[in-house]
Structures are given as C-alpha cells and as structure tokens.
Amino acid sequence: MNKEKLIALIVMLSMALGTTHLFAEQVNSLRGHTPLDETVMTNTMKKVQNDREPIARDYIQQPPLIPHKTKGYKINKKFNKCLTCHSWANYKESGATKISQTHFSDRENNVLANIAPRRYFCTQCHVSQVDSKPLVENTFTPITTIQH
Amino acid sequence: MNKIKQLLTNLWEVLKKPTAKYSLGTLLVGGFVAGIIFWGGFNTAMEMTNSEEFCISCHEMRENVYEEYKDTVHYSNRTGVRATCPDCHVPKEWTYKVIRKIKATNELYHKALGTIDTPEKFEAKRLHLARNVWKEMKATDSRECRNCHDFESMDYTEQGRRGMNQHQKGLDSGMTCIDCHKGIAHSLPAMYEVDPSTAVGN
C-alpha cells in the first residue's frame, strides 16, 4: 500500500465516521440522547416571582405585567379574583393599580357601566413573570419615552 | 299519661332509696369509672364527627366545597401542612365546640330536607351560606384562623411588600382575617350581589 492510497483510505474512513456522527446528531427525538429505559432530566420548574414593584412597560399598548403571584386566582362568570383588588371600587383600599378605562368599552366603543366582557379575563393579556433567560437571543430594546 | 307518671314516680322512689346491698365505696368507685367511660365515650363520639372524613361523607360537602378546597393552599402547599374542614369550621375550645355541634343539628335538618342536594341548589344557596360563615368568623374575630395564624408570631418583615402593609394597617385598625381573606378555601359566591365591580355584567 503506497502513501497516496493510505491517505485516501484515512480520508474516506474519517468522512464515513463523520457522516454517521452527523446522522446521529440530526436524528434526535424530543427526549434527546437519553435511552428509552432511562428517565430524562427535566429543567427545574421556574418559580413565579412574588411581590415586587410594578414592572415598567417596554412598548406602547403593552398590557402591564403582573408583579405578583396569581396562583389559585379564579376568574369565572360569578367573580374575578383580580378585581377584588384592581377594580375601581377596590383599588384605593387595596393599594393596587386600577384597571384601565379602556376596559369599560365594548368593540363598538360603547362605554359600559362595568368591565366589558371582552376585557374581563385579565390573564389573557396580563401575565406573571418568572426569572428566566430569553429562549433566543434578541436585540430588542424598550422605548425610552415610557420608561421611568 | 298516668301510667308514665306512675312509672316516673316509681323510678324516683327507687333512686331515692338508700342502697343496702352495695357499699358506699363500690358506688363511689363504680360511679367514678362509669363517669369516665361515659365522658370519654361522649367526647370520642364528638371527635368522630370532627374529621374531614366525616364531613365529606355527605355528598353536598364532598362534591362542592371539598372539591374547591382541594385547589387551595390549605389543602396543597410546599410543606404539606394542612388545615382540614374542622380546623376552620369547628372551634377547638370545648364549650364553643359543643355549641357549634348543637347548631349543626340545623344542618342535619336541611340534609333531611335536601336543601342543597344538587349543585344547582347549592349554588343558589352559596351566597347565603357564605354570609353565615363570614358573619360567624367576624363575630369571633376569626378565632379558628388564629388557631394557626397567630398575629403575635407573624413576622411582617418576612411578608411580601403588599401583605406587610396590609396586615399592619388592617390589624391596627381592628380588622380581622375574614374581612379581607374571603374565598381563600372555597369558591366565592356570585359577587355581583356583594361587590358588582368584581364580576362581569351589572
């Protein structure tokens, strides 16, 4: 075996190995590389941050974030736990932020006497926060005019 | 009627007559032992009705309030310390406990009547029932809450920003737990009758 042939063989072998390695990388189930008979390690549960100062908005029209836990808060036809503090009737006593005036209008801009049904389900837009890193890198910067 | 009267008179005669057969010691010791047994028996029977198991043996409790309670912090929490039905709804002190148990005969009466035997009937009565409990807790200065939640041992600095302020303000002005903490263990009633600002519609 001469020198060229040996080099060619080494190159081919390494390529073949490389491809199998590549395939192994590509074919990857959601379980990752963990064999079926082993338990996948999961990420630790993220904890909702409890009780902090109101969080500044990052852009105009952003629904303000919830700066406290809301576990067990129920919102149904009969009552809305959030409103027991955030309604106009209760915000002063509770020291909470009152709900926006915009929440009293229906989609035809008729102003109603109570919160509009379309704005009743707070957690559709307002959410609590966990202390976690962004899933993807991004270059977003909040607008400065509404920051304080 | 006369027969019963006769019977009672005879019984009274027997009870009045001093015994010639048993010594005073036997009677005393016997009476003492019987007293312990009856007293113990009474309390044991009462304690049997003082368990979650007993409470949810009625479907009215099991299917409505118990299910709601299972979602709350008094059932499931970090450390696994639980407050069961009687912890909040039956006083710990004996006298108050007996009074509560006597009042509970009204609940038996309504059980027999079937006042809340369907979810619909229960829902219709919920506000009324809730107000009964709120009124009682207000009247006792939330005594059953305070069996565990002792203000003296409450470290405000360990509390959240909001709780810290609210607790000091509330307790200083003579408010009690139930004034704010309504609906913490069970679903609130339809609030448009209590506070329309917390429900949809008007």
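Analyst: Happy to; here is a walk through the contact between the chains, followed by a few residues away from that topic.

This is a predicted model, in which local features need pLDDT of at least 70 and side-chain atom pairs count only at pLDDT 80 or more, while totals for chains, interfaces and linings use all residues. Residues are numbered from 1 along each chain as its sequence is written, and chains are lettered from A, and ligands numbered from 1, in the order in which they are written.

On confidence, the model scores ipTM 0.73 and pTM 0.76. Chain B has a mean pLDDT of 91, with 100% of its residues at 70 or more; pLDDT is the predictor's confidence in each residue, from 0 to 100.

Now to the interface: 20 residues of chain A are in contact with 20 residues of chain B, where contact means C-beta atoms, placed from the backbone, within 7 Å. The side of chain B that touches chain A divides into 8 nonpolar, 8 polar and 4 charged residues. Here Ala, Val, Leu, Ile, Met, Phe, Trp, Tyr, Cys and Pro count as nonpolar, Asp, Glu, Lys and Arg as charged, and the others, Gly among them, as polar.

The largest nonpolar core has 6 residues: A:Phe79 and A:Ile115 from one chain, and B:Leu188, B:Met191, B:Ala199 and B:Val200 from the other. Such a core is a set of buried Ala, Val, Leu, Ile, Met, Phe, Trp, Tyr and Cys residues joined through C-beta atoms within 7 Å. A residue is buried if 20 or more other C-beta atoms lie within 10 Å of its own, exposed if 12 or fewer, and partly exposed in between. In soluble globular proteins, nonpolar side chains tend to be buried together. Setting aside neighbours within four places in sequence, B:Val200 is in contact with A:Lys77, A:Ile115, A:Pro117 and A:Tyr120.

In the segment after helix H3 (91–94) of chain A sits A:Arg119, which counts as partly exposed because 18 other C-beta atoms lie within 10 Å. Its C-alpha atom is 8.6 Å from that of A:Ser105, 14 residues away along the chain.

Methods: Contact = placed C-beta atoms within 7 Å. Helix = DSSP H or I, 4+ residues; strand = E, 2+ residues; numbered from the N terminus.
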